[in-house]
Amino acid sequence: MKIVCLVKQVPRADAIEFDQETKQLRREGVPLLLNPFDAAAVAHGVELKEQYGGEVIAMTMGPPQAEEALRACLALGADRCIHLSD
């Protein structure tokens with residue numbers, strides 16, 4: 001069984017700031033982390049893998065720094081990761 005978990009890196013909640021002119025989220029200098037709900041999905045996928053066998057694959061789309069989120073998934077027990085970037 002292959003278990004694919006789609007994950008995303010998000011800004012830390014206590015560091016969210018908005019640009020007053022553009023009304024958009026400021027991304028420069030904001031610390032990022034693996035979305036906690038996605039981390040829970042990876043952990044649950046690992047539990048299923050241990051129970052039924054198979055492979056857990058974490059997948060994300062984002063800039064090069066999204067690699068940090070994938071490394072967190074590997075630490076949680078994912079077997080491999082896929083990083084899509086354009």
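## How to read the model

Residues are numbered from 1 along each chain as its sequence is written. Because this is a predicted model, local features need pLDDT of at least 70 and side-chain atom pairs count only at pLDDT 80 or more, while totals for chains, interfaces and linings use all residues; side-chain values use heavy atoms, with hydrogens and water left out.

## The chain as a whole

Let's start with the overall plan. The chain holds two helices and five strands, and from the N terminus on they follow the order β-β-β-α-β-α-β. Here helices (H or I, at least four residues) and strands (E, at least two) are DSSP runs, numbered from the N terminus. Along the principal axes, the C-alpha atoms fill a box of roughly 50 × 25 × 15 Å.

Of the 86 residues, 29% count as buried. Buried means under 20% relative accessible area, exposed means over 50%, and partly exposed lies in between (1.4 Å probe, protein chains only). Among contacts (heavy atoms within 4.5 Å) with a separation of 6 or more, 54% come from residues 24 or more positions apart.

## Helix α1

Helix α1 (36-52) has 17 residues and reaches 24 Å from its first C-alpha to its last, close to the 24 Å expected at 1.5 Å a residue. That expected span is 1.5 Å times one less than the number of residues. At the start of α1, a side-chain oxygen of Asn35 comes to within 2.9 Å of the backbone nitrogen of Phe37. Just after α1, Gly53 has a positive phi of about 85°.

Which residues of α1 are buried? They are Asp38, Ala39, Val42, Gly45, Val46 and Lys49. Seen down the axis of α1, these buried residues fall within an arc of 115°, so they line one face of the helix. The arc is taken from the directions between the helix axis and the C-beta atoms. An α-helix has 3.6 residues a turn, so residues three or four places apart point the same way. The cover over the buried residues of α1 includes β1, β3, β4 and α2, while Pro36, Phe37, Gln51 and Tyr52 are exposed on the other side.

## Helix α2

Helix α2 spans residues 67-76, and its buried residues are Ala69, Leu70 and Cys73. Viewed down the axis of α2, they fall within an arc of 100°, so they line one face of the helix. On the other side of α2, Glu68, Arg71 and Ala75 are exposed.

What covers the buried residues of α2? The cover includes β2 (9-11), β3 (32-34), α1, β4 and β5 (80-84). Just after α2, Gly77 takes a positive phi of about 120°.

## Strands β1 and β4

Strand β1 (residues 2-6) has two faces: Ile3 and Cys5 are on the covered one, and Lys2, Val4 and Leu6 are on the uncovered one. β1 pairs with β4 in the parallel sense over five bridges; two strands pair if DSSP finds at least two bridges between them.

Glu55 lies in β4, which covers residues 55-61. The side chains of Glu55 and Arg80 are joined by a polar contact of 2.8 Å. A polar contact is a pair of N or O atoms within 3.5 Å; within protein, one must be able to donate a hydrogen and the other to accept it, and residues adjacent in sequence count only if both atoms are side-chain atoms. Leaving aside neighbours within four places in sequence, Glu55 is in contact with Met1, Lys2, Ile3, Lys49, Asp79 and Arg80.
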